[in-house]
Amino acid sequence: MTTQATTMPTGKREYKGLMAWLTTVDHKRIGILYIIASVFFMLVGGIEALIMRTQLAQSNLKLVNPELYNQLFTMHGTTMVFLVIMPFLAGLGNYIVPLMIGARDMAYPRINALGVWLLILGGIFMNLSFMLGGAPDAGWFGYAPLSSIRTAGNPYGMDFWALGLQILGISSISAAVNFVVTILWMRAPGMKMNRLPLFVWTTLVTAFLILFAMPSIAAALILLFFDRNFGTFFFNAAQGGDPLLWQHLFWFFGHPEVYIMILPAMGIVSEILPVFSRKPLFGYAAIAYSSVAIGFIGFTVWAHHMFAVGLPPAINAAFSFASMIVAVPTAIKIFNWIATIWGGSVNLKAPMYYAVGFIALFVIGGLTGIYLAAVPVDFQLTDTYFVVGHLHYVLFGGSIFAIFGGIYYWFPKMTGKLLNDRTGVWQFWLQFIGMNLTFFPMHLLGILGMPRRIYTYAGDLGWDTLNLVQTIGAYLIAVSVAVFLWNVYVSLKNGEKASDDPWDADTLEWATSSPPPAHNFDSVPPVNSTRPLWDVKHAGVKWDKRAESAHLPNPSYMPFVLAFGLTVVMFGLIYNPIISLAGLVIFVAGFAGWVVEPVG
Amino acid sequence: MHRSNDFKFILPAMGALAVLLLAGCSPDSPTWLNPASPNAAKATDLFNLIFLISVATFVLVEGLLLYSVIRFRRKSTDEMPTQIHGNTRLEIAWTVAPALVLLVVFGFTWQTLNELETMPTGGVKVKVVGSQWWWHVEYPDLGVVTANEIHVPVNQPVTFSLEGKDVIHSFWVPELGGKRDLVPGKVNTTWFRPTKIGTFRGACAEFCGSAHANMRFTVVVQSQDDFNKWVAAQKQDAAAPVSDLAKQGEQEFVKGVCVACHTIGGTAAKGTVGPNLTHFAARKTFGGGIIENNTENLKAWLKNPQALKPGNIMVIPKLTDTQVNALVEYLNGLK
């Protein structure tokens with residue numbers, strides 16, 4: 001089922017080299033840009049983590065001072081959430097979703113490009129703060145009034161945070177709008193909602209979560225910026241403000257954010273398991289509905305992050321109840337996944353290792369969540385290392401393991417080369433052992449009374465051994481990431497060439513060449529079930545491979561100009577309104593160009 | 001109550017397992033696995049219940065997962081398993097089962113929460129104000145003001161009113177009870193009834209800036225007699241300096257910048273920005289509960305507070321050795 005590299009009409013203009021990337025509106029190239037940016041920031045956030053782990057290896061070490069340590073953990077969290085997991089999943093969605101639903105591209109190609117440039121520029125913007133007087137330093141959830149009071153030692157760090165997140169938020173919202181419209185309107189004939197691949201389902205739910213959650217943090221960030229710069233006091237109690245307002249606004253975003261980071265990861269696992277078990281997904285409908293349920297219930301649990309702030313017991317109990325209930329749809333998924341493997345023909349390749357590893361680790365993250373939902377236990381565990389351990393089992397054991405599984409699974413589709421599987425299995429075991437050594441002792445330390453976000457600890461508290469184990473684990477994770485980068489390098493250079501469908505898979509992205517042509521498909525197979533390609537291969541469904549006509553939009557550099565202008569505006573808001581004015585001119589120019597240019 | 005006693009009977013075994021697991025690592029850690037009040041013990045019981053459930057679930061789920069991966073491993077490339085799309089009965093079962101288990105956990109959570117959140121009447125009242133990065137401690141009914149070291153009598157309820165002065169802090173003594181935040185503009189309350197005599201370590205649990213790691217404190221649980229003696233001593237004005245050096249120290253203190261922030265009862269020092277030092281020498285630690293209170297450390301502190309506690313906001317001019325010695329002599333006399 002090779003697709004001929006026919007010269008389809010690709011618009012009137014063409015660019016080459018770097019310019020081709022800068023002006024691209026092709027969802028596949030945009031997806032790759034997202035993914036490369038995400039892997040780059042993963043290294044940045046990873047180095048931040050390694051410095052912290054080295055500082056904490058033993059009591060009373062003095063590798064970094066408290067000010068730098070506070071910047072490191074703030075930027076580690078912010079980076080991993082907003083610049084690694086979210087963009088990776090957005091990038092993967094960009095690349096794979098249109099292919100999975102048999103579409104030529106995303107619904108709004110230029111908005112798609114705007115999203116990735118905002119992400120890249122926003123990430124650079126925020127990280128430049130390290131060189132411009134200090135990075136953000138009030139924690140990734142930026143509790144006011146610590147975040148809203150300007151400190152002399154680091155005057156602009158939190159302004160970079162507030163404005164940088166605003167840029168990233170616009171990026172996320174633009175991507176979410178695009179996913180919603182694409183998934184609802186651009187499906188191939190026969191691709192009904194109840195035949196959507198699970199990764200598409202979870203991406204759709206995630207897009208809605210972003211649309212409803214992001215405005216809450218956007219508003220909070222504006223208030224924060226006003227408090228810091230214009231003398232307002234939304235969060236300043238002495239003048240009638242309320243510090244808890246920040247927490248409500250933040251966590252109304254912040255908890256759905258967890259599902260924004262985990263639902264598409266669950267989608268990835270739901271794609272890998274059936275293919276590598278050679279069975280359909282067990283309980284397709286239950287998994288799809290439970291994703292939607294998580295989307296709704298996920299908005300009702302935010303105050304479980306705030307049990308200790310002094311809410312009335314009845315309120316705490318209500319949020320505790322909702323937090324327990326949200327575990328049910330997750331439990332459903334886990335059992336359905338195991339049932340998918342059960343009775344299958346399990347092909348233990350690197351993607352499958354990661355998918356199984358995801359389940360194994362995510363179960364632990366889910367179970368430790370119950371302790372935190374039980375209010376009296378949470379009173380003891382909140383703000384300790386137990387929480388740090390819990391969240392890393394969810395986001396590292398969960399999201400990151402699914403992400404690596406996704407990379408091993410779709411790399412051949414994206415590049416035409418298979419990643420080396422043996423190296424992949426090595427990477428898996430190093431990472432699996434490393435992550436357990438790093439994050440499991442965190443639970444114990446939390447129980448032993450170690451608060452989170454402390455840059456040092458005394459030697460008489462009995463925390464040294466477990467901390468040392470964690471630090472060793474963290475370096476093991478670093479080795480596993482190095483193995484991954486090596487694998488990518490070697491495989492791109494001399495890797496085994498990938499066929500169109502190297503895994504004997506079920507979904508439409510495998511019904512085109514690896515990598516796919518600019519127009520994605522010459523012809524899309526008929527869709528009669530959740531497994532159109534399986535039907536062609538095993539159920540005798542006929543696929544008419546005559547090429548259909550395709551029309552692709554012009555490349556455009558306006559999205560980049562617009563994103564660049566907005567970033568300059570943000571710089572000006574920190575340093576000088578004149579810079580903002582210049583940024584505004586660029587922004588308006590980009591906007592005007594966007595409106596008038598021929599779309600092809 | 002009867003039900004909770006029932007499950008208490010099974011749980012010590014599981015709890016003991018957890019303790020055993022951790023004891024090897026850390027006999028010294030401040031942990032609620034060794035509760036010293038019913039408040040902490042109730043949370044520990046609930047923890048043990050969830051521990052039991054989660055270990056059982058863990059073994060079940062991970063076991064099924066491992067078994068299915070190993071048992072159904074592909075043996076030949078052309079094998080074709082039966083194509084099963086689902087099973088409604090099974091799926092209903094594994095929807096209802098976790099929901100029921102979680103409802104049970106919620107039931108105990110609800111019960112424990114109500115017990116913990118019912119404030120007792122009577123007992124000792126303590127007001128704690130969290131500042132960057134130390135604790136102001138006040139006994140409004142007893143007329144005692146101190147810092148970073150909270151004395152309470154054993155077997156009596158102690159109720160706390162908690163306020164945050166600058167940013168949000170969190171009050172936590174693991175062995176005695178869970179956390180409660182100190183939020184600016186809000187008065188929170190919590191309580192515990194200590195049942196063991198001893199010194200318990202507490203800490204600020206909410207990230208509050210540069211010296212967050214060094215914002216600790218202690219709770220000293222005493223017999224009623226010892227507590228009464230302590231209160232009586234604390235109510236006194238500061239001891240007058242005896243030696244010449246100490247007298248010189250007093251002068252340095254009340255004529256220097258110190259009075260802008262510190263109070264010493266019975267002198268001209270009436271500042272309220274920093275800790276009250278009236279009975280400074282009676283405290284085991286200083287600097288927000290992190291530095292052992294001895295002559296050597298105090299000298300080092302007065303020469304360069306930043307070296308002992310980076311980020312702290314104590315402002316002190318460069319002092320000569322004579323000035324430092326005089327101040328230390330004076331402060332050491334404030335029993």
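Predicted model: local features only at pLDDT ≥ 70, side-chain atom pairs only at ≥ 80, totals over all residues.
**Figure 1**
Chain A has a mean pLDDT of 95, and 98% of its residues reach 70 or more.

**Figure 1. Where chain B meets chain A.**
How many residues of each chain are in contact with the other chain? On the chain B side there are 87, and they touch 93 residues of chain A. Together the two chains bury about 7,700 Å², and carbon and sulfur atoms account for 70% of that area. Three residues to look for in this view are B:Arg74, B:Trp94 and B:Phe207, which supply 10% of the area that chain B buries against chain A, more than any other three residues.

**Figure 2. An open sheet of chain B built around β1.**
Five strands of chain B line up in the order β3-β2-β1-β5-β8 to form an open sheet with mixed pairing. At its edges are β3 (144-147) and β8 (188-192), each of which pairs on one side only. From one strand to the next, the twist averages 25 degrees. Helix α4 of chain B, residues 224-235, packs on this sheet and touches β1, β2 and β3. The direction of the helix makes about 95 degrees with that of β3(B).

**Figure 3. A closer look at β1 of chain B and its partners.**
Is strand β1 (residues 124-131) of chain B largely enclosed or largely open? Six of its eight residues are buried, so the strand is largely enclosed by the rest of the structure. One partner of β1(B) is β5 (residues 158-164), joined to it in the parallel sense over seven bridges. Within that pairing, B:Val126 has B:Phe160 as its bridge partner. Strand β2 (residues 134-139) is another partner: it runs antiparallel to β1(B), and five bridges join them. Here B:Ser131 stands opposite B:Trp134. Moving on to β5(B), this strand also pairs with β8(B), in the antiparallel sense over five bridges. B:Val158 and B:Phe192 are bridge partners there.

Two residues link β1(B) to β2(B) in a hairpin. B:Trp133 sits in this loop between the two strands. The peptide bond from B:Gln132 to B:Trp133 is cis, with omega near 0 degrees. That is worth a second glance, because most peptide bonds are trans.

**Figure 4. A second open sheet in chain B.**
This sheet has five strands in the order β4-β10-β9-β6-β7, again open and mixed in its pairing. Which strands stand at the edges? They are β4 (149-153) and β7 (177-182), each with a single partner strand, so one side of each is left without a neighbour in the sheet. The twist here averages 20 degrees from one strand to the next. Inside the sheet, β6 (residues 169-173) and β9 (residues 198-204) pair in the antiparallel sense over two bridges. Look for B:Trp172, which stands opposite B:Ala203 in β9(B).

A:Thr438 belongs to helix α14 of chain A, which spans residues 421-447. With a relative accessible area of 3%, A:Thr438 is buried. Its side chain reaches the backbone nitrogen of A:Ala474 at 3.0 Å. Beyond its neighbours within four places in sequence, A:Thr438 is in contact with A:Gln470, A:Gly473, A:Ala474 and A:Ile477.

**Figure 5. Loops with backbone geometry to check.**
In chain A, the peptide bond from A:Ala144 to A:Pro145 is cis, with omega near 0 degrees. A:Pro145 lies in the loop between α4 (109-128) and α5 (157-185) of chain A. A:Asn60 has a positive phi, near 60 degrees, and is found in the loop between α2 (27-55) and α3 (66-100) of chain A. A:Asn60 is partly exposed, at 45% relative accessible area. In chain B, B:Asn155 has a positive phi of about 60 degrees and sits in the loop between β4 and β5. B:Asn155 is partly exposed too, with a relative accessible area of 47%.

Conventions:
Residues numbered from 1 in each chain as written. Chains lettered and ligands numbered in written order. Heavy atoms only, no water. Pairing = 2+ DSSP bridges. Helix = DSSP H or I, 4+ residues; strand = E, 2+ residues; numbered from the N terminus. Axes fitted to C-alpha atoms, helices over the stretch in contact; angles between N-to-C directions. Buried < 20%, exposed > 50% of the residue type's maximum accessible area, 1.4 Å probe, protein only. Polar contact = N/O pair within 3.5 Å; in protein donor to acceptor, adjacent residues only side chain to side chain. Contact = heavy atoms within 4.5 Å. pLDDT = per-residue confidence, 0-100. Buried area = accessible area lost by both parts, 1.4 Å probe.
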